[in-house]
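Take a walk through this structure, one region at a time. Keep the sequence and the 3D view side by side.

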Amino acid sequence: MPDYGHPLRFGSFVTPTNAPAAKPGELAVLSEELGLDLVTFQDHPYQPGFLDTWTLLTWVGARTERIHLAGNVLNVPLRQPAVLARSAASLDLLTGGRLAMGLGAGGFWDPIVAMGGPRLTPGQSVDALSEAIDVMRGIWDVSESGPLRAGGQYHRVAGAKRGPAPAHLIPIWVGALKPRMQRLIAQKGDGWLPSLPYLQPGDLARGNKVIDEAAREAGRDPAEIVRLLNVTPQESVDDLVQLALEEGVSTFISMGDDERTLRRFAEEIAPAVREKVERARPRSSGPTQTRTAAQRARRRPGIDYDGVPESLAAKAVEPADPAYARYLSGYLRSGRPGLVLRPQTVAEVSDAVVFATRHRDVPLGIFSAGHGLSGRSLNDGGLVIDVGALNTVEIVDASTGHVRVGPGARWVDVARALAPHGLALTSGDHGGVGVGGLATAGGVGWFAREHGLTIDALRSVDVVLADGTVKHASAEENPDLFWGMRGAGANFGVAVSFDFTAHRVGRVAFAQLVFDVPNVPLFLENWGRALEAADRSVTGQVILGPPQGGRYMAQALLVVDSDDPGVIIENLQPIAEIAPLADQSVSLAGYDEIIGAFVSDGPQQGQGEPLAHSGLVEHLTPEIGGKIEALLKTGASYFFQVRAVGGAVSDVPADATAYGWRSANFSLVAMGSARSGLDEHWERLKPDLEGLYISFESAVGEEVLAEAFPPAHLTRLRELKRRYDPTGLFRDNFFIAP
């Protein structure tokens with residue numbers, strides 16, 4: 001029989017005895033210490049002398065860090081598949097993707113049929129296990145919308161909720177001896193797991209033949225199915241080598257609970273078998289496919305899945321993978337990328353970018369936290385490079401405020417890391433935003449008027465360019481690239497590290513004021529005057545929506561960089577007096593508490609195509625206020641925000657960074673939909689605007705690009721694009737044609 005080419009793995013088969021109860025766990029920990037790949041436990045819930053196997057798996061998962069876990073095999077008749085699937089997904093998530101599902105038809109099927117019903121025949125047991133597998137895989141498949149309907153006569157769910165998705169594609173290994181069950185493995189399983197003591201001469205060869213033929217009939221490569229084998233301590237090195245090379249077995253699991261025997265298997269048998277097998281195998285030996293035919297069928301056209309660099313392949317996410325659910329939604333927008341690459345190092349980011357250069361015909365998104373309003377980090381059918389693993393926050397020198405941050409960190413993570421040192425970085429108003437996107441676009445945050453934009457605190461940035469090389473950009477080194485990265489960075493490469501100078505911050509005041517607004521133009525004019533006249537320690541925003549019952553309510557959120565009650569009141573009072581207050585609250589908090597107040601660690605739920613428009617203005621005039629009121633009155637925008645800029649933002653010369661609209665005191669953001677008429681009403685506002693902020697604009701095209709950058713800036717950016725990205729690889733976020 002053939003050698004299927006899978007890498008050799010070695011494991012232990014531990015009896016879950018409860019006398020003493022600690023022994024199975026100790027043997028599992030020893031298995032990891034000895035370097036084994038896998039620890040498994042038999043499952044007989046009806047045995048009073050045994051621990052419950054699922055409880056034991058959970059206990060061992062918490063006590064180990066590397067070794068993989070499996071039942072050997074789980075008794076499906078006594079474990080309801082939908083519940084088992086959720087338990088398995090939970091344990092897989094908690095252990096970082098270390099679970100495999102060994103399943104068996106077992107006995108005790110009577111409860112499945114009916115109370116007092118007959119025991120299932122062997123054929124019916126196969127059907128029941130097949131249904132159980134369908135239910136389990138359906139629970140794990142959160143990429144499919146809608147409730148799960150799966151199973152049939154023996155196991156059935158009708159309208160069950162899916163999820164959670166496990167951390168990885170949990171393999172299903174089936175313990176089986178008979179041809180019909182072996183054919184089920186070929187159709188739906190990932191591995192065959194028999195026990196050598198129960199096999200007759202020739203059983204492995206016959207079983208492999210049945211599986212291989214049935215796999216081909218099902219459109220699968222037989223090499224997709226791993227061949228595992230429980231073996232006794234009596235098998236010699238040569239016995240196992242023969243089983244590997246002639247019978248296709250790649251995973252050997254040693255039965256027995258003796259510590260000395262386990263040590264001998266791990267320290268003597270396994271290394272000797274591995275050496276002899278690797279020496280005998282052809283250099284090209286290996287499974288032809290690592291995914292099933294059904295999984296490959298969900299791939300998208302135009303992507304060389306088999307050409308993914310070796311450095312990225314293990315962490316790559318395809319549409320059939322459980323981790324894919326993370327990329328179906330951003331903060332506001334849905335996505336269905338064809339392939340997600342998840343580099344763990346800067347070198348792997350370079351590999352991902354070089355791979356992307358071979359795929360110029362599909363979209364390319366760079367994903368740090370998926371919070372971008374426009375949703376450009378996701379796409380439909382293209383590539384996504386997720387830099388979330390590059391999420392370190394390093395305090396280089398607390399005395400000078402020098403900090404180094406990875407693009408995958410969230411701003412709430414940065415704030416929490418800096419808070420104990422009395423430091424902060426102004427960084428937008430929502431802690432769930434990723435560092436990479438905001439720190440290359442601008443960064444209008446709670447300290448904008450006092451400390452400027454986020455890019456104004458940037459000392460240097462490391463960038464992976466379109467050719468895969470890494471450039472360090474600062475005022476002294478590659479200053480032209482440094483200029484472009486501060487405001488248009490998505491056009492030049494993937495930022496992989498940022499050095500900032502943080503500012504000193506203690507506890508600050510966070511004020512929430514709700515105004516009853518009888519006259520929108522007058523209110524906005526007064527709001528603008530009050531904010532422009534306010535001390536620079538005050539930064540904030542006001543949010544309006546359509547009128548309710550003929551009246552407008554405005555919610556103001558403000559930060560005052562002080563913990564002195566007298567100073568806080570003095571700075572807020574002029575703002576509080578611009579219109580009648582319906583509600584108010586002021587509290588002292590750390591900056592990390594403010595930016596983390598609205599952060600959810602749950603999955604993002606954005607769907608559809610967001611529509612948002614951005615504009616910058618120097619003053620809030622009555623004319624602008626009138627147009628905003630007209631827009632709100634029609635219901636064209638359900639969310640209209642006026643954010644304070646100015647102050648320290650305006651201190652920076654307009655030509656110092658790619659972000660060029662430094663004279664503006666306010667940023668306007670309107671969110672709506674195509675059907676609401678937002679586009680039409682926004683056009684009426686455009687003559688009063690002097691630019692836009694790219695992080696809050698969903699429109700694309702040359703006209704929008706001309707609004708995002710002043711003419712001289714855009715000319716310079718095109719020159720930089722020709723130099724650093726002449727083929728236009730980075731084109732899915734305010735693309736500047738080279």
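Two strands pair if DSSP finds at least two bridges between them. Strands are DSSP runs of E with at least two residues, helices are runs of H or I with at least four, and both are numbered from the N terminus. The model is predicted, so local features need pLDDT of at least 70 and side-chain atom pairs count only at pLDDT 80 or more, while totals for chains, interfaces and linings use all residues. Residues are numbered from 1 along each chain as its sequence is written, and side-chain values use heavy atoms, with hydrogens and water left out.

Start with a hairpin. Strand β6 (residues 148–151) pairs with strand β7 (residues 156–160) through four bridges, in the antiparallel sense. Four residues lie between the two strands of this hairpin. Gly151 has Arg156 in β7 as its bridge partner.

Next come two helices. Helix α6 (residues 179–188) packs against helix α7 (residues 203–217) at an angle of about 45°, and their axes are 8 Å apart. Axes here are lines fitted to C-alpha atoms, for helices over the stretch in contact, and angles run from 0 to 180 degrees between N-to-C directions. The two helices α6 and α7 are therefore oblique to each other. Angles under 35 degrees count as roughly parallel, over 145 as roughly antiparallel, 65 to 115 as roughly perpendicular, and the rest as oblique. The crossing of α6 and α7 is right-handed. A crossing is right-handed if the near helix is turned clockwise from the far one by less than a right angle, and left-handed if anticlockwise.

Which residues of α6 and α7 make the contact? From α6 come Pro179, Gln182, Arg183 and Ala186; from α7 come Gly207, Val210, Ile211, Ala214 and Ala215. Contact means heavy atoms within 4.5 Å. By class, six of the residues in the contact of α6 with α7 are nonpolar, two are polar and one is charged. Ala, Val, Leu, Ile, Met, Phe, Trp, Tyr, Cys and Pro count as nonpolar; Asp, Glu, Lys and Arg count as charged; the others, Gly among them, count as polar.

The axes of helix α8 (residues 237–247) and helix α9 (residues 259–280) come within 9 Å and cross at roughly 45°. That makes α8 oblique to α9. The crossing of α8 and α9 is right-handed. Residues of α8 that meet α9 include Leu240, Val241 and Leu245; on the α9 side, Phe265 and Ile269 are among them. The contact of α8 with α9 holds eleven nonpolar, no polar and two charged residues.

Move on to strand β18 (residues 458–464). Is β18 largely enclosed or open? Five of its seven residues are buried (under 20% relative accessible area, with a 1.4 Å probe and protein chains only), so β18 is largely enclosed by the rest of the structure. Six bridges pair β18 with strand β20 (residues 494–501), in the antiparallel sense. There, Val464 stands opposite Val494. Five bridges join β18 to strand β19 (residues 470–474), again antiparallel. Ser460 has Ser474 in β19 as its bridge partner. In the hairpin of β18 and β19, five residues lie between the strands, and Gly468 takes a positive phi near 90°.

Finish at the open sheet. Seven strands form it in the order β25-β22-β24-β23-β27-β28-β26, with antiparallel pairing. The edge strands, β25 (581–589) and β26 (611–617), each pair on one side only. Strand β22 (residues 508–517) pairs with β25 over eight bridges. Ala509 has Leu588 in β25 as its bridge partner. Helix α17 (residues 520–533) lies across β22, β23, β24, β27 and β28, running at about 5° to β24.

Note on methods
Buried means under 20% relative accessible area, exposed over 50%, partly exposed in between (1.4 Å probe, protein chains only).
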